[in-house]
Amino acid sequence: VIIPSGGTGQTVLIDPETGATRSVGLLRPGSTYVKGGPFQGVNSADEGEGVIFMMDRATRILSAWDIEKNEIISSTPLASNPDFIRYSEPTKEVWVTEPDMARIEVFVFYDGTLEHSGFIPVPGGLDQLVIDTKRQWAYTQLWQQKAVVIDLKSREIVALWPNACEGSHGLELDEARGFLFTACRDG
C-alpha cells in the first residue's frame with residue numbers, strides 16, 4: 001500500500017501481509033504543509049516497474065524512487081501545479097494532472113529516467129485520474145457532469161460519459177468488471 005504523506009515530503013509503504021512500514025523519498029527538505037494553505041509536499045504517488053513515482057506539490061517536482069536501490073533515480077520539474085499522478089504500464093508513462101491548466105502532463109519512463117513527452121488537453125478542467133490497463137484507457141472527470149475517457153496510446157479523448165455531478169470529486173475503477181464509479185460533491 002502506497003500512502004503519500006503530505007507535509008512530511010515522504011511516502012509510506014505498508015506491506016499488507018506483515019503490516020511492516022517503510023518511509024521513502026524525502027523529496028526536498030522544507031516541503032511542509034502550511035495550516036490553512038494549499039496541500040504541499042508529496043500528495044500523490046504510484047508504483048510501476050519497481051519504482052515509486054512521487055510528486056511534490058510544493059516544489060513541483062516529479063521523482064522516481066527505486067525501491068531496491070532505496071534512492072531517487074530521476075527527478076524532473078513539472079510545468080504547472082500538479083494534483084494526481086498515475087503510472088501507465090502499457091505505455092511506460094507517468095501521467096500527472098494539472099487542473100489549473102486543464103491538462104495532463106505526460107512523462108516517458110525509460111531506462112531509469114523520466115523525460116517530458118507532452119500534454120493532453122482536457123477542456124473543462126479535470127478531477128482525479130485512473131488508468132485502465134485492461135482496456136488501455138485513462139479516466140478523469142470534468143469539474144461538472146462528465147467523465148472523460150482517454151486512449152492511452154493515442155492520448156486522444158475518445159468519449160465523454162455523463163455522470164450527473166454538479167461538482168465532480170472522486171473516481172474509482174473496478175477494472176475486472178468494467179465499472180467506473182464517480183463521486184459528486186453534491187451527493
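Trainee: Is Leu-114 counted as buried or exposed, and what is the reason?

Mentor: This is a predicted model. Leu-114 has a relative accessibility of 6%, and buried means under 20%, so Leu-114 counts as buried.

Trainee: Where does Leu-114 lie, and which residues does Leu-114 touch?

Mentor: Leu-114 belongs to strand 11, residues 113-121. Setting aside residues up to four places away in sequence, Leu-114 touches Phe-53, Leu-62, Ser-63, Ala-64, Ser-74, Thr-76, Val-94, Phe-107, Val-108 and Phe-109. Contact here requires heavy atoms within 4.5 Å.

Trainee: What makes Cys-165 and Cys-184 a disulfide?

Mentor: Their sulfur atoms are 1.9 Å apart, and the definition asks for a pair of cysteine sulfur atoms within 2.5 Å; therefore the pair qualifies as a disulfide. The structure holds 1 disulfide.

Trainee: Which parts of the chain does the pair link?

Mentor: The pair links distant parts of the chain, 19 residues apart. Cys-165 is in the loop between strand 15 (157-162) and strand 16 (168-174), while Cys-184 is in strand 17 (residues 179-184).

Trainee: Why is the disulfide of Cys-165 and Cys-184 called left-handed?

Mentor: The torsion about the S-S bond is about -70°, so the disulfide is left-handed.

Trainee: How are Cys-165 and Cys-184 classed by accessibility?

Mentor: Cys-165 has a relative accessible area of 0%, so Cys-165 is buried. Cys-184, at 25% relative accessibility, counts as partly exposed, because that class lies between the 20% and 50% limits.

Note on methods. Residues are numbered from 1 along each chain as its sequence is written. This is a predicted model: local features need pLDDT of at least 70, side-chain atom pairs count only at pLDDT 80 or more; totals for chains, interfaces and linings use all residues. Side-chain values use heavy atoms; hydrogens and water are left out. Helices (H or I, at least four residues) and strands (E, at least two) are DSSP runs, numbered from the N terminus. Buried means under 20% relative accessible area, exposed over 50%, partly exposed in between (1.4 Å probe, protein chains only).
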